[in-house]
Amino acid sequence: MADFIGAVDQGTTSTRFMVFDHDGAEVARHQLEHEQVLPRAGWVEHNPLEIWDRTQTVIGSALTRAGLSGSDLAAIGITNQRETSIVWDRRTGRPFHNAIVWQDTRTDSIAKALDADERGQTIRHKAGLPPATYFSAGKVQWILENVDGAREAAERGDALFGTLDTWLVWNLTGGPRGGIHATDVTNASRTMLMDLTTLDWDDELLGFFDIPRRMLPDIHASSDDTAYGTTSGERGTAKVPITGVLGDQQAATVGQVCFEPGEAKNTYGTGNFLLLNTGTELVRSENGLLTTVAYQFGSAAPVYALEGSIAVTGSAVQWLRDQLGIISGASEIEGLAAQVDDTGGVYFVPAFSGLFAPYWRSDARGAIVGLSRFNTNAHLARATLEAICYQSRDVADAMTADSGVRIETLRVDGGVTANRLCMQLQADILGVPVSKPVVAETTALGAAYAAGLAAGFWSGTEELRSKWAEAERWEPQWSDDQRRDGYAGWRKAVERTLDWVDVD
């Protein structure tokens, strides 16, 4: 057997390829950013052809840098930004429109119309999701209704839909020359089109969005040794099996080996994504969370999760850097925030495009409250870090209310975890220990794990669990009174952001 597993990690701002050995240790990587296309306020797009080009480049470069070839890989896994939607021509491989990104809010009128009648409750019950701009179905409907030729091609069977995993699988396996049109249950569960109990596309849900079923990819398990084919082997490259596909947050859950009910992880990236494993039980949220598929390995029953998706966390730090200019690099925020002992009464709610879980308020907009002449840029920097942590507290409390399970330890990953002050604040605000693993790249690692399980590279989840090791732990230091009063102030600040814009 080959000695390594490869993982494509296609994210919101960049694409990378990583290679792991049998111990789950990183052997090689290469990463490239892609353009953020912002045609107008609230619209966020990516160029799918640019992403495909970047994917080919990072795979080749990572292997070359490590002195490896495709034949050294037992399999490849793919993980991806979820919900971001592409419609393309099966004959040519050309997209009908740029990919519409998960952050995009142009479909708000579609979501509001669905939520105004019983269709909204049907979507919640079947798909586990509220009607929202976040998810894929409205984006596909918008393309079909607004892009010349898209609807006609879809009706003829010439237009294909996919999230980024599907786009990459199709291209990697040959594209117009016989590429496989497939997705996994985790990505399908983010579309508002899949029934969580049947794990299949639902005709009633498709009807709500007027989406032809023939556009949609086949749904498979997250870890499968046959469903996703092999790389095409063009230009003399090796044919490597693609045996794992997971949406990015589910991949991080697998990478953090949260395989038991009650185990939870929080990924800190552009946004925050907290997932709680609920086992094979499908827990329907009454508190603003999403019910989603965590993973499915082979023919085993699917494992479900409750998820809280937060739109703006790490990107709030980027805003301080790019728009306000109070830091020149994201790493500087820790030192600036550490110059003060607290926020001086300042709260920053970064609801730049509304609030996601558990509020789901597209009418909200960002606000900085509690300012006095006393406050400095250091107070704002600290308030930004606290905003990351308070939003995670909102989600954790909702998870406890839904599941009856209180998170005992929060496993964390993602770029913000390099900020030790932020992680200490997270422990303080939640009142539970925060634990960071040795291998921080849990999203790519989770995709590698899924692929390796299907390929027989690893024997099972117990072997994967034995490889997890803690690098750092932060214990709560705030008093109960400090935690209670701080959170009460946060909730008051959130109230100030609501009803700020009129939503048709």
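Where is the place of His-46? I looked it up: His-46 is in strand 4, residues 45-46. Helices (H or I, at least four residues) and strands (E, at least two) are DSSP runs, numbered from the N terminus.

**Ground rules.** I am working on a predicted model, where local features need pLDDT of at least 70, side-chain atom pairs count only at pLDDT 80 or more, and totals for chains, interfaces and linings use all residues. Residues are numbered from 1 along each chain as its sequence is written, and side-chain values use heavy atoms, with hydrogens and water left out.

**His-46.** I checked accessibility next. His-46 counts as buried because its relative accessibility is 0%. Buried means under 20% relative accessible area, exposed over 50%, and partly exposed in between (1.4 Å probe, protein chains only). I found a polar contact of 3.2 Å between the side chains of His-46 and Gln-81. By polar contact I mean a pair of N or O atoms within 3.5 Å; within protein, one must be able to donate a hydrogen and the other to accept it, and residues adjacent in sequence count only if both atoms are side-chain atoms. Leaving out residues up to four places away in sequence, His-46 touches several residues, including Thr-12, His-34, Gln-81 and Asn-98. Contact means heavy atoms within 4.5 Å.

**Annotated positions.** I turned to the UniProt record. One "binding site" annotation, from an unreviewed entry, covers Thr-12, Arg-82, Glu-83, Tyr-134 and Asp-248. The feature "binding site" is also placed by UniProt (unreviewed entry) at Arg-82, Glu-83, Tyr-134, Asp-248 and Gln-249. UniProt positions are in the numbering used here, feature names are shortened, and annotations may be inferred rather than shown by experiment.

I located Glu-83 in the loop between strand 5 (73-80) and strand 6 (86-89). Glu-83 counts as buried because its relative accessibility is 2%. With residues up to four places away in sequence not counted, its contacts include Trp-102, Tyr-134, Lys-139 and Arg-190.

Asp-248 is in helix 9. Is Asp-248 buried or exposed? Asp-248 is buried, with a relative accessible area of 13%. I listed what Asp-248 touches, again without residues up to four places away in sequence: Thr-79, Asn-80, Gln-81, Arg-82 and Thr-443. The side chains of Asp-248 and Arg-82 are joined by a polar contact of 3.3 Å.

In what order do the seven strands of the open sheet lie? The order is 16-17-15-14-20-21-22, and the pairing is mixed. Two strands pair if DSSP finds at least two bridges between them. Strand 16 (290-295) and strand 22 (470-474) are the edge strands, each pairing on one side only. From one strand to the next, the twist averages 30 degrees.

I then checked what packs on the sheet. Helix 9 (residues 248-255) touches strand 14 (264-268), strand 15 (272-279), strand 16, strand 17 (303-310) and strand 20. Its direction makes about 125 degrees with that of strand 14. Axes are lines fitted to C-alpha atoms, for helices over the stretch in contact, and angles run from 0 to 180 degrees between N-to-C directions. Helix 13 (residues 420-430) also packs on the sheet, touching strand 14, strand 20, strand 21 and strand 22. The direction of helix 13 makes about 55 degrees with that of strand 22.

Strand 20 (residues 410-413) and strand 21 (residues 434-437) run parallel, joined by two bridges. Arg-411 stands opposite Ser-435 in strand 21.

**Strand 2.** Seven of the seven residues of strand 2 (residues 14-20) are buried, so the strand is largely enclosed by the rest of the structure. Ser-14, Arg-16, Met-18 and Phe-20 cover one side; Thr-15, Phe-17 and Val-19 are on the other. Strand 1 (residues 4-10) runs antiparallel to strand 2, with six bridges, and Val-8 stands opposite Phe-17. Three residues lie between strand 1 and strand 2 in their hairpin.

Strand 2 pairs with strand 3 (residues 26-33) in the antiparallel sense over seven bridges. Met-18 stands opposite Arg-29. This hairpin has five residues between its strands, and Gly-24 in the turn has a positive phi of about 75 degrees.
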